[in-house]
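Subject: Structure handover

Hello,

Please find the structure below. My notes on it follow.

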Amino acid sequence: MLHGSNILGHERPLVIRMSFTSCVQGTVCLPLFGLITCVFISSVFHFDDSTGTHCQVPNYLPSISASISLSPECYIWRFCIGLHSAPRFLVAFTYFRFYKMRFASKFPESLLSCLNLAFSIAENLGLLLLTYVSSTETYFVHKEGFVLFIISSLIYMMITCRLWKAIKKYSLNPDDAKSHHWKVRLLLLNLSFCAFAGFFYWKHNMYCESGSYTFFALFEYLVVFSNMAFHLTAVWDFKSQEVMVISSSEDKDF
């Protein structure tokens, strides 16, 4: 929603309002669209390049790293992640402010609120690093970005579940209980998918079995999808909130 007017040559601030739910949905949909598009293009047009590995055995799905390192896939992915990163930081600081108000004088929740913000920022930075440094450019940097993203996201989700357990305990809002319930479920799913992805990655590198890298890629997708779904639970946490952007300029004399 836009508000603004010009009265007798005096320009009033332009105010842009949108629901926090729409902001969260857009933040999640951008990387979701980018991932699905990149995997589709890689599978259809760059199948051999995106599924080939040092083992030289048949594979049927491209990994995310392989998909986002090719062209034009890398540009699509970088555009989506770059566009979604600023709202991600906004959501992180919104949660931090919410937790600090809720747990102002409580320990350890107050400390966990600060750690939650730190790992949320680290998760986003890891995602940006693995996005803008592809595996074909500097593999070590891309790998470190991926590791930072995975570890930070898991710790962030664990801390978030702990904080919402405390919130649910003293809240009468059914959305708080629902949010905590789905956060815990998605955390467990994410942990399971990470374990399976790690197992099949190890199996592929150790034995070079046909199909192992395909299962690794499949569970890698599921890790990312469950991570996106976890962040989507913010629609219950801030259902009635709005995001407001105010653009002001000095009055001009004519």
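D237 belongs to helix α9, residues 234-237. D237 is buried, its relative accessible area being 10%. The terms are set as follows: buried is under 20% relative accessible area, exposed is over 50%, and partly exposed is in between, with a 1.4 Å probe and protein chains only.

Before the rest, a note on the source. This is a predicted model, in which local features need pLDDT of at least 70 and side-chain atom pairs count only at pLDDT 80 or more, while totals for chains, interfaces and linings use all residues. Residues are numbered from 1 along each chain as its sequence is written, and side-chain values use heavy atoms, with hydrogens and water left out.

Overall layout

The protein has 9 helices and 5 strands. Helices (H or I, at least four residues) and strands (E, at least two) are DSSP runs, numbered from the N terminus. Read from the N terminus, the order of elements is β-β-β-β-α-α-α-α-α-α-α-α-α-β. Of the 254 residues in the protein, 45% are buried.

Helix α7 and what follows it

Helix α7 covers residues 174-207, which is 34 residues. The expected span of a helix is 1.5 Å times one less than its number of residues. At the start of α7, a side-chain oxygen of N173 comes within 2.9 Å of the backbone nitrogen of D175. Just after α7 comes C208, with a positive phi of about 55 degrees, although C208 is not a glycine.

The disulfide

Which cysteines form a disulfide? C55 and C208 do, with their sulfur atoms 2.0 Å apart. The cut-off is a pair of cysteine sulfur atoms within 2.5 Å, and by this rule the count is 1 disulfide. The pair links distant parts of the chain, 153 residues apart: C55 is in the loop between α2 (47-51) and α3 (64-67), and C208 is in the loop between α7 and α8 (212-232). The torsion about the S-S bond of C55 and C208 is about -60 degrees, so the disulfide is left-handed. C55 is buried at a relative accessible area of 12%, whereas C208 is partly exposed at 28%.

Two other cysteines can be listed here. C23 is buried, with a relative accessible area of 9%, and C29 is partly exposed, with 44%.

The residue Q56 is also in the loop between α2 and α3. Its phi is near 55 degrees, a positive value in a residue other than glycine. Q56 is exposed, with a relative accessible area of 73%.

Helices α6 and α8

Two packed helices are described by the angle between their axes and the distance between the axes. The axes of helix α6 (residues 139-169) and α8 come within 12 Å and cross at roughly 40 degrees. That makes α6 oblique to α8. Axes are lines fitted to C-alpha atoms, for helices over the stretch in contact, and angles run from 0 to 180 degrees between N-to-C directions. Angles under 35 degrees count as roughly parallel, over 145 as roughly antiparallel, 65 to 115 as roughly perpendicular, and the rest as oblique. The crossing of α6 and α8 is left-handed, meaning that the near helix is turned anticlockwise from the far one by less than a right angle; clockwise would be right-handed.

Cis peptide bonds

S71 and P72 are joined by a cis peptide bond, with omega about 15 degrees. P72 sits in the loop between α3 and α4 (73-102) and is partly exposed, with a relative accessible area of 38%. C-alpha to C-alpha, P72 and C38 are 8.4 Å apart in space, and they are 34 residues apart in sequence. The peptide bond from F107 to P108 is also cis, with omega near 15 degrees. P108 is in the loop between α4 and α5 (109-132).

L83 lies in helix α4 and is partly exposed, with a relative accessible area of 46%. L83 and L30 are 53 residues apart in sequence, and their C-alpha atoms are 7.7 Å apart in space.

Regards

Definitions and conventions
Polar contact = N/O pair within 3.5 Å; in protein donor to acceptor, adjacent residues only side chain to side chain.
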